[in-house]
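Here is my note on the model, point by point. Please read it with the structure open.

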Amino acid sequence: MTDWIVGVGLSPTAAQWDALNASVGGQLHKGTPLALPCFSSFSGTEVQPYAQSCAVVEANYTSTEFISSVYSGFMQPQWATCQQSQMGCLLDSDDPSDSAAFANKTCFQGSVSPYYLDVRNATDVQIAFNFSQETGTVLSIKNSGHDYKGRSSAPDSLALWVHNLNSISYDAKFVPEGCSSETTYQGVTSGTGASWQDVYEFADSHNITVVGGYHQTVASSGGWLMGGGHSVLSPVYGLGVDRVLQFKIVTPDGELRTVNECQNTDLFWALRGGGGGTFGVVLEATHKAEPQLTLQVAAMEFNVTTSNLEEFYTVLVNNSLQWGLAGWGGHVAENTFIYVNPLLSLDEATASMKPMVDFINLQNGSSIITTVPSWLEFFNEFALAGEAPVGTELLLGSRLIPKSVFETPEGQSAMVKVLLQVSEHSLPYIPVVPPILFNATENSTSTTPAWRDALWHLNAFATWDFNSSFEEINAAYNLTHEFVDMFRQIAPDSGSYINECDVHETDFEESFWGPNYPRLLEIKQKYDPNHLLDCWQCVGWLGASDDRYSCYI
Ligand SMILES: Cc1cc2nc3c(=O)[nH]c(=O)nc-3n(C[C@H](O)[C@H](O)[C@H](O)COP(=O)(O)OP(=O)(O)OC[C@H]3O[C@@H](n4cnc5c(N)ncnc54)[C@H](O)[C@@H]3O)c2cc1C
C-alpha cells in the first residue's frame with residue numbers, strides 16, 4: 001500500500017486512495033510544490049533538498065514549456081501558494097538560483113493539490129466524479145496552468161490533470177456527429193491538453209490554418225476555448241467559440257457526451273463562452289480550419305520616453321478604427337506593436353500602417369511591414385518574441401472597449417487619457433482581438449455580447465516579488481481593480497473577458513456573460529446537480545466564502 005496522506009483537509013482514507021489509484025491504473029500521483037527540491041524544510045518538517053532536481057527547476061522557472069509539462073507548474077506562481085496565509089514555495093523569478101528564496105525557509109503545499117490524477121481517458125474522469133461524490137473530495141481541473149485567476153488549483157483538492165490528453169487529428173470532411181453529412185468542414189480535433197504550438201505545426205503540415213492563441217503552451221481545447229478564445233486572427237475569423245464544431249466531454253453526472261449543433265445543443269452553447277472548470281471535463285474539441293493564409297505583418301518597436309508616449313497613444317487610438325475595419329489584429333505590449341492582416345495586399349498594408357510607421361521613424365525606432373506565407377511562420381517569427389511573460393507573480397485587469405469609443409474625438413481623447421493614467425504604473429497591454437469583422441450567428445455563443453461591439457481587449461498588469469509582504473500583494477490587487485474602474489468609465493456598458501480580467505471583477509455575471517447568465521445557470525444545474533465542480537467566479541459558483549477559496553486574497 002502506498003503511503004497516502006490522510007487528514008489535513010482530506011476526507012478519504014488511505015484504503016480509499018489506494019482503491020482509486022488501482023482503478024485508474026496507477027495514474028494517481030502525489031502533488032508537491034514545483035520548487036520543493038530546493039528546500040530543506042517542508043511544512044515545518046526537515047526534508048532532504050535535491051540539488052540536481054533543484055537546478056532543473058531553477059533553470060526552467062520561467063520556461064513556459066517546463067511549467068506546462070508538470071502538474072505543479074502554474075504560469076503565475078502565486079496560484080500554487082496560499083496567498084491569504086502567505087504560505088508557498090516560491091523561487092525568485094528574477095534570479096531563480098537566488099538562495100534567499102529557499103535557504104532556511106520552509107516550503108508549504110499552498111494550493112498545489114496533494115493528489116493529482118493524470119487523466120488518460122473518459123473512464124478516469126468518470127471514476128474521479130464517483131470518488132468525489134462518495135468521499136466529498138473537492139475536485140480541480142488543471143490543463144496548461146495558464147489561468148490568470150487561479151481556477152486551475154484548489155487547496156486540498158484532487159486535481160484532474162488533463163495535459164496529457166494531447167492527440168491531434170485532421171478530417172478534411174468533418175461532419176459533427178449526428179448532423180447531416182451534406183455540410184462538411186475542414187476540422188482539426190485536438191485533445192484538451194494539446195498546446196497551440198503543436199496544433200499550429202500540425203495544421204501547417206496539412207497546409208491549413210487553425211485560429212488560436214498568442215502563446216505556444218496555452219491549451220487549444222481547454223480553458224482558452226470555453227472562455228471565448230481570442231486570436232490576432234479573430235477580428236476576421238472570429239473567436240475560438242465561433243469556430244468550434246464539437247466537444248467530447250464527461251459531465252459530472254458521469255456521462256460521456258458528444259456536444260455539437262445537433263446533440264446536447266444546450267451544452268454546446270454553454271461551452272462556447274460559459275468558461276472552463278464548471279460544466280464537466282472536456283476531453284477534446286474540433287476546430288474549424290481555414291486554408292493556409294498569406295499574411296501581412298506590421299512589427300514595430302521604439303524607446304518609450306515621457307515625452308513620446310502621448311503621441312504614440314494618440315496615433316494608436318486615432319487609427320485603431322481604420323485598422324480594425326481593414327482586418328488588422330495584433331498586440332500592443334509596452335513599446336512593441338505587432339499586427340497581422342489576412343485581407344490586405346502588401347501595398348495596402350503599407351499604406352494603412354503609414355501613420356504608425358511615420359511616428360516610429362521619428363523616434364528612431366524599428367519598423368517592418370512584410371508578407372509571410374503562413375500563420376506558423378508569423379507565429380514563430382513574430383508572436384513568440386512578443387509573448388506575455390510567465391513564471392512571475394502577476395495579476396491583470398481588463399475591459400472590452402467598444403468601437404464607438406474610437407469613433408468620436410471625445411472618445412479618442414478620453415481613451416488616450418486613460419492609457420496615460422495607467423502608464424504611470426505600468427504600460428497597458430492591448431490585444432486587438434475582438435471579432436469586429438466576423439459575422440457571428442446571433443446567440444450562438446454564451447460569451448458577453450460585448451465582444452461583438454468591441455475593438456480592443458484592454459489590459460493592465462500589476463506584479464510583485466516572491467518575498468513581497470501581504471500589504472504589497474494586496475496593493476497589487478487593489479491597483480488592478482482601480483485600472484478596471486478607469487476602463488469602466490469609458491466603457492460602462494461593455495463587459496470583460498472571463499479568462500483575462502480582474503480577479504475581483506465587479507458584477508462578474510454581467511461582465512462575462514451579460515444576458516446569457518440565467519440560461520447558463522440553468523444548464524449548470526442540469527448537468528452538475530450535485531455541484532461536483534466549482535471555480536472562482538464561474539457559472540453557479542459557491543462564492544468566495546467556500547473553503548476551496550480560502551487562499552484567495
Ligand atoms: C502567457 C499567457 C498568454 C495567453 N494568451 C492568450 C491568448 O492569446 N488568447 C486568449 O484568449 N487567452 C490567452 N490567455 C489566457 C488563457 O485563455 C487562459 O489562461 C485560459 O484559462 C487557459 O486555459 P488552459 O486550459 O490552457 O489553462 P488552465 O489554467 O489549466 O485552465 C484554465 C481553466 O480552464 C479549466 N479547464 C482547463 N481544461 C479543462 C478541461 N479539459 N475541461 C474542463 N475545464 C478545463 C480549468 O479548470 C481552469 O478553470 C493567455 C494566458 C497566459 C498566461
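1. Pairing of the cysteines. With the bonded cysteines of the protein chain numbered in sequence order, the pairing runs 1-2, 3-10, 4-5, 6-7, 8-9. The structure holds five disulfides. A disulfide here is a pair of cysteine sulfur atoms within 2.5 Å.

2. Basis. This is a predicted model, in which local features need pLDDT of at least 70 and side-chain atom pairs count only at pLDDT 80 or more, while totals for chains, interfaces and linings use all residues. Residues are numbered from 1 along each chain as its sequence is written, and side-chain values use heavy atoms, with hydrogens and water left out.

3. Cys38 and Cys54. These two are joined by a disulfide, S to S 2.2 Å. The torsion about their S-S bond is about 105 degrees, so the disulfide is right-handed. The pair links distant parts of the chain, 16 residues apart: Cys38 sits in the loop between β1 (28-30) and β2 (41-42), and Cys54 in helix α2 (residues 51-60). Helices (H or I, at least four residues) and strands (E, at least two) are DSSP runs, numbered from the N terminus. Cys38 counts as buried at 7% relative accessibility. Cys54 is buried too, with a relative accessible area of 9%. The cut-offs are under 20% relative accessible area for buried, over 50% for exposed, and partly exposed in between (1.4 Å probe, protein chains only).

4. Cys179 and Cys262. Their sulfur atoms are 2.0 Å apart and form a disulfide. The link is right-handed, with 115 degrees about the S-S bond. Cys179 lies in the loop between β7 and β8, and Cys262 in the loop between β11 (256-260) and α9 (265-271), so the pair ties together parts that are 83 residues apart in sequence. Cys179 is buried, with a relative accessible area of 16%. Cys262 counts as partly exposed, at 39% relative accessibility.

5. Cys535 and Cys538. Here the disulfide has its sulfur atoms 2.1 Å apart. The link is left-handed, with -110 degrees about the S-S bond. Cys535 and Cys538 are both buried.

6. Cys501. Cys501 is buried, with a relative accessible area of 0%.

7. Helix α5. Which residues of helix α5 (residues 196-205) are buried? They are Trp196, Gln197, Val199, Tyr200, Phe202 and Ala203. Their cover includes β7 (168-174), β8 (185-191), β9 (208-209), α6 (223-227), β12 (281-288) and α13 (375-383). Contact means heavy atoms within 4.5 Å. Asn207 follows α5 and has a positive phi, near 65 degrees.

8. Cavities. The count comes to five cavities of 30 Å³ or more. A cavity is a set of points, on a 1 Å grid over the protein atoms alone, where a 1.4 Å probe fits but cannot get out; lining residues have an atom within 4 Å of a point. Grid points are joined across faces, edges and corners, and a volume is the space filled by probe spheres set on the points.

9. The second largest cavity. Its volume is about 140 Å³. The second largest cavity is lined by 16 residues, and Leu34, Tyr61, Pro77, Ala80 and Leu90 lie nearest its centre. By class, the lining has 12 nonpolar, four polar and no charged residues. Ala, Val, Leu, Ile, Met, Phe, Trp, Tyr, Cys and Pro count as nonpolar, Asp, Glu, Lys and Arg as charged, and the others, Gly among them, as polar.

Terms used:
On a 1 Å grid over the protein atoms alone, a cavity is a set of points where a 1.4 Å probe fits but cannot get out, and a pocket is an open set with protein on both sides within 12 Å along at least five of seven lines; lining residues have an atom within 4 Å of a point.
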